[in-house]
Amino acid sequence: MKLALITGASAGIGKLIAYHFAEDGINLAIVARREDKLQEVKKEIEDKYTIDVLIIVADLASAEGPTSVFEKLKDHEVTHLVNNAGFGTNGIFWEMDRKTELQQIGLNIAALTELTHLFLPQMVKRNAGHVLNIASTAAFQPGPYMSVYYATKAYVLAFSEGLSGELSETNVWVSVHCPGATRTEFAAVAGIENKLLFKAGSASAEAVAKHAYEAMKRGKVVSIHGIGNALMAFSIRFTPRFIVRMLTKTINK
Ligand SMILES: NC(=O)c1ccc[n+]([C@@H]2O[C@H](COP(=O)([O-])OP(=O)(O)OC[C@H]3O[C@@H](n4cnc5c(N)ncnc54)[C@H](OP(=O)(O)O)[C@@H]3O)[C@@H](O)[C@H]2O)c1
């Protein structure tokens, strides 16, 4: 079966991106840890659209997570890979739980890289396919008190743009979408609901998912949700790094 694989589709942006694929008649494989949430998404989508949704329960932060997903899909043709699953932490780096920090790198960086490495060869062989990676506006600058998270998203942005360059003579596309603060479970997981960034106003997950999906369909390599976020990402290029660090420190404190 031809399908789009979406990680982190049990909630938030990933779940809503799944609806856009379903609307376009594309079958889905959805991955996350919470099976009950995945079952809900599957039922909602299959009740509304004439597509099939496969559920894959996996902890992508674990060493065997990405390969277990690949194994389960070996009889299918993955036309789209959406690396969306990710989480953040907030606090003083050396005081935070080391295991959680490493899991963050495992999910945001290692799983995204491994899944791309597993599924890209078949896309290149068919000379067709699309990888959509979800980074963040955090990718454009360092982020004191969320140092690991910002650094993981800088990796996602640079990795995606690098790959896009490697694939420029093919019909395989890599897009990276950078949302700003968005109303999902993300802020609660990271413990940042009361931070300036989220108090100052955040986007709806619906708007972000729509933007990411449409930018991917247009073949846009880098897309940023919201004019304010785009201006911020642009202006950082002309701002001294020490000022950027001061600003993000104030925002994240
Ligand atoms: N919300 C924001 O403000 C914001 C801003 C910029 C970028 N982003 C990025 O957008 C992406 C989606 O986040 P979101 O805002 O939609 O957050 P969310 O509502 O917390 O959703 C995260 C998704 O990732 C899954 N996930 C988490 N850990 C996982 C693991 N170890 N293995 C497999 N799946 C896992 C979760 O499912 P389970 O818990 O069921 O596993 C859930 O489906 C992330 O990459 C995030 O960094 C978010």
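## Pairing of strands 5 and 6

Strand 5 (residues 129–134) and strand 6 (residues 172–178) run parallel and are joined by six bridges. Across this pair, I134 stands opposite H177 of strand 6. Strands here are DSSP runs of E with at least two residues, helices are runs of H or I with at least four, and both are numbered from the N terminus. Two strands count as paired if DSSP finds at least two bridges between them.

The model is predicted: local features need pLDDT of at least 70 and side-chain atom pairs count only at pLDDT 80 or more, while totals for chains, interfaces and linings use all residues. Residues are numbered from 1 along each chain as its sequence is written, and side-chain values use heavy atoms, with hydrogens and water left out.

Seven strands form an open sheet in the order 3-2-1-4-5-6-9, with parallel pairing. The edges are held by strand 3 (53–57) and strand 9 (222–224); each has a single partner strand, so one side of each is left without a neighbour in the sheet. From one strand to the next, the twist averages 20°.

## Helices on the sheet

Helix 4 (residues 98–126) packs on the sheet and touches strand 1 (2–7), strand 4 (77–83), strand 5 and strand 6; contact means heavy atoms within 4.5 Å. The direction of helix 4 makes about 145° with that of strand 4. Helix 5 lies across strand 5, strand 6 and strand 9, and runs at about 155° to strand 6. Angles run from 0 to 180 degrees between N-to-C directions, with axes fitted to C-alpha atoms, for helices over the stretch in contact.

## The ligand site

The ligand is surrounded by 30 residues, the closest being S10, R33, N84, Y149 and T184; a residue is included if one of its heavy atoms lies within 4 Å. By class, this shell has 16 nonpolar, nine polar and five charged residues, with Gly counted as polar. Helix 1 (12–23) and helix 5 (147–166) each supply at least two of the shell residues.

Polar backbone atoms lie 3.1 Å from a ligand oxygen at G8, 3.4 Å at A11 and 2.8 Å at I13. The protein covers 96% of the 880 Å² of accessible area (Shrake-Rupley, 1.4 Å probe) that the ligand has on its own.

Notes. A polar contact is a pair of N or O atoms within 3.5 Å; within protein, one must be able to donate a hydrogen and the other to accept it, and residues adjacent in sequence count only if both atoms are side-chain atoms.
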